[in-house]
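Colleague: Before I rely on the terms used for this model, I would like to go through them one by one, setting each value against its definition.

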Amino acid sequence: MQIERKRDILIRELKECEYSILSDFLYEAIFIPEGATPPDKSIITLPELQIYIKDFGNSKHDKALIAEVDANIVGAIWARIMNDYGHIDENTPSLAMSVLKAYRGMGIGTLLLTEMLSAEKAAGYAKLSLSVQKDNYAVKLYRKAGFTTVSETDEEYIMVVDLNSIYKTEEEDGF
């Protein structure tokens, strides 16, 4: 892992008083291809994006973790059962995740994803889903974590991870 050793990274649950930061991380989660102009931040008010954060914490299925570096929140991952781009069924939470640009490439996304997969497995979920644009560098991260493509469009993949399968494999391998 290529994390600067002078930095301590803390992965913890998002506190209720911090739920409002999910809107910032939702904007950061929007994939912007190289050379493209970022959309206005008001884009997150669209209903198809608000589903990711509106009334977060009001459902037993809502779960969020954050990454802190030097006491600053630099990344977030959250899951909820919602009818979003990555929705596959009513029993599978969908994931959203982002890391601030200045902190990408340090392994923070991997830490967040690993902790969330473990937490959702412990909460009794069998699988998690997500939607990711094909050109997004995060596709490699998701595949490495055990996600597989279950459907696709011209621009994006719908991916699912079988939590029972990845944790069974780790246990068999002695992890």
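Modeller: Let us begin with a charged pair: the side chains of Glu 28 and Lys 101 meet in a salt bridge, at 3.9 Å from N to O. This is a predicted model, in which local features need pLDDT of at least 70 and side-chain atom pairs count only at pLDDT 80 or more, while totals for chains, interfaces and linings use all residues. Residues are numbered from 1 along each chain as its sequence is written, and side-chain values use heavy atoms, with hydrogens and water left out.

Colleague: Why is the pair of Glu 28 and Lys 101 called a salt bridge?

Modeller: The term requires a side-chain nitrogen of Lys or Arg within 4 Å of a carboxyl oxygen of Asp or Glu, and the N to O value for Glu 28 and Lys 101 is 3.9 Å, so the pair qualifies under that definition.

Colleague: What makes this pair a tie between parts of the chain?

Modeller: Glu 28 lies in helix H1 (residues 22–29) and Lys 101 in the loop between S4 and H3, so the pair ties together parts that are 73 residues apart in sequence. Helices (H or I, at least four residues) and strands (E, at least two) are DSSP runs, numbered from the N terminus.

Colleague: Why is Lys 101 called exposed?

Modeller: Its relative accessible area is 56%, and exposed means over 50%, buried under 20% and partly exposed in between, with a 1.4 Å probe and protein chains only.

Colleague: Which term applies to Arg 104?

Modeller: Arg 104 counts as partly exposed, because its relative accessibility is 28%. The side chains of Glu 28 and Arg 104 also meet in a salt bridge, at 3.5 Å from N to O, and this pair ties together parts that are 76 residues apart in sequence.

Colleague: How do you know that Glu 68 and Arg 12 link distant parts of the chain?

Modeller: Their salt bridge has its closest N and O atoms 2.7 Å apart; Glu 68 is in strand S2 and Arg 12 in strand S1 (residues 9–13), 56 residues apart. Both Glu 68 and Arg 12 are buried.

Colleague: What makes a set of residues a nonpolar core?

Modeller: The members are buried Ala, Val, Leu, Ile, Met, Phe, Trp, Tyr and Cys residues joined through side-chain atoms within 4.5 Å. The largest such core here has 30 residues, of which Leu 95, Ile 108, Leu 113, Tyr 142 and Phe 147 touch the most other members. Helix H3 gives the most to this core, with five residues.
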